[in-house]
Each structure stands twice: as structure tokens, then as C-alpha cells.
Amino acid sequence: ALVAVRAGLDHPDAVTHLAALDVLPTLDMWDVLHGTTAAVGFHLHLMAQPPGLPEQLISGSPDAFFGHFLDIWTRDPEAIPVDVRAAYLAASRAAVTSIVADYRASAGVDVAHDRADRAAGNQLRMPVTVLQQDWGAALGYDAAQLWRAWAPDLVHRTVSCGHFMAEEAPAEVVEALRALLAR
């Protein structure tokens, strides 16, 4: 989702519609993660560290690390069957270095790009749909308001499922995508 946001900002003529599931724009994500409630995003802080330590720690027990998020971010455990979970964990295990590098970039170059865009008044010019859990209630922010600063043509919906929306609520995701493409 964050790659799509960056593509929409950098290449607005190539991105006609943008959908994001359960994220905030990078700069806003880092701005709202403070205090003890930010523990929900501990993985972001871990992977933002310089190369070496995060990769070593995660590689020491990748199934426990990535499985933790499957367990706590899924409201319906049946939504991710055993074979899908195994495939997800295998893929994550094989990509620790690149996953960490992506998250590390979110705390560095991605924030720098977002700050430059915000200072220049750049926004997502295409229709944008965002589906997300109500993290704002727990962390004290208004997600729709944060998104609206980046996307004036925004449909923002809070969903009742967990982070893995495509698995837990596929019909709701498809409905939102169809409505987005019709705008």
C-alpha cells in the first residue's frame, strides 16, 4: 500500500485509482506512533534500526515473529488456513532481508520524500479508497483526517475485520475496489 501511495505521488499520470488496506501514509504513521500505545508498532521501530541487528533477531525465529502478526492482527483465525499460513511464513522467512530493508526505508528516505511532498503541497490527484481498522481510536488520531490531507478525493471506511482484510472480508474488499474503479 505504501509503495502505491508513493507511486501515486511520484507518477500521478500513471496511477488512475489508488486503494490502500490498513495503513497510514508513511509520515503520518511515524507521527502517531508515540508513547506506550505505540507498542502495537514495535516491529516498525525494530526494523528501522541500522542493518544487521533487526535481520539477525528476526532470522533467529522468523516463524514466531511473522506468525505473531498473523495471530494478533486477524480477528477470524479461520480466515488464514493452515496451508496459507505455512506459505506466508515460508515466503517471509525467505525474505527477511528485503522485508527489513523496506521497513527501514519507511523510517528514512520515505519520510524524507513525504516531508518534501507535504511542504510542496503535493497530493494524490486520483480517487483514493482506504479501508482500515480503527487504530485511531486506540492511538488517538483520526485516520480519515490524516488521509484527507493527502487525498482530497477520498473514500475512507473503517472495517470490522483485522489487518488481513483480503482474507477475512474478501467480499467487502472487492466491493470497495469496484466502487473505487467506478469513480
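**Close-up views of a predicted model**

**View 1. Strand 2 and the strands paired with it.** In this predicted model, T129 stands opposite V155 in strand 3. The two strands that meet here, strand 2 and strand 3, run parallel and are joined by 5 bridges. Strand 2 also pairs with strand 1, again in the parallel sense, and that pairing extends over 4 bridges. Within it, L21 stands opposite L131 in strand 2. In a regular strand, side chains alternate between the two faces of the sheet. For strand 2 both faces are covered, with V128, V130 and Q132 buried on one side and T129 and L131 buried on the other. Because 5 of the 5 residues of strand 2 are buried, this strand is largely enclosed by the rest of the structure.

**View 2. The buried side of helix 10.** Helix 10 spans residues 143-150, and A143, A144, W147 and W150 are its buried residues in this view. They lie on the same side of helix 10, because the arc they cover around the axis is only 115 degrees. Which elements cover these buried residues? The cover includes helix 1 (2-10), helix 2 (26-32) and helix 8 (109-120), together with strand 1 (18-21), strand 2 (128-132) and strand 3 (154-158). At the start of helix 10, a side-chain oxygen of D142 comes to within 3.1 Å of the backbone nitrogen of A144.

View 3. Side chains of opposite charge can pair when their charged atoms come close. A search of the whole structure finds 9 salt bridges, and one of them joins D117 to R6, with the closest N and O atoms 2.7 Å apart. Since D117 lies in helix 8 and R6 in helix 1, the pair ties together parts that are 111 residues apart in sequence. Are D117 and R6 buried or exposed? Both D117 and R6 are buried. Salt bridges that share partners also join R6, D10, D114 and D117 into one network.

View 4. The side chains of R104 and E55 meet in a salt bridge, with 2.9 Å from N to O. R104 belongs to helix 7 (residues 96-106) and E55 to helix 4 (residues 53-60), and the pair thus links distant parts of the chain, 49 residues apart. Why is R104 called buried? The relative accessibility of R104 is 16%, and because a residue counts as buried when its relative accessible area is under 20%, R104 falls into that class. E55, with a relative accessible area of 12%, is buried as well.

View 5. R85 is partly exposed, with a relative accessible area of 25%. D71 is also partly exposed, and its relative accessible area is 49%.

View 6. A pair of aromatic rings is described by the distance of the centres and the angle of the planes. The structure holds 7 aromatic pairs by the rule used here, and F65 with F69 is one of them, an edge-to-face pair with 5.2 Å from centre to centre and 80 degrees between the planes. F65 and F69 are separated by about one helical turn, because they stand 4 residues apart in helix 5. Both F65 and F69 are buried. W73 and W135 form another edge-to-face pair, with 6.3 Å from centre to centre and 70 degrees between the planes. W73 lies in the loop between helix 5 and helix 6, whereas W135 lies in helix 9 (residues 135-139), so the pair ties together parts that are 62 residues apart in sequence. W73 is buried, with a relative accessible area of 12%, while W135, at 21% relative accessibility, counts as partly exposed.

Note on methods. Residues are numbered from 1 along each chain as its sequence is written. Side-chain values use heavy atoms; hydrogens and water are left out. Buried means under 20% relative accessible area, exposed over 50%, partly exposed in between (1.4 Å probe, protein chains only). The arc is that of the directions from the helix axis to the C-beta atoms. Contact means heavy atoms within 4.5 Å. A polar contact is a pair of N or O atoms within 3.5 Å; within protein, one must be able to donate a hydrogen and the other to accept it, and residues adjacent in sequence count only if both atoms are side-chain atoms. A salt bridge is a side-chain nitrogen of Lys or Arg within 4 Å of a carboxyl oxygen of Asp or Glu. Rings of Phe, Tyr and Trp (its six-membered ring) pair if their centres lie within 6.5 Å; planes under 30 degrees apart count as stacked, over 60 as edge-to-face and the rest as tilted. Two strands pair if DSSP finds at least two bridges between them.
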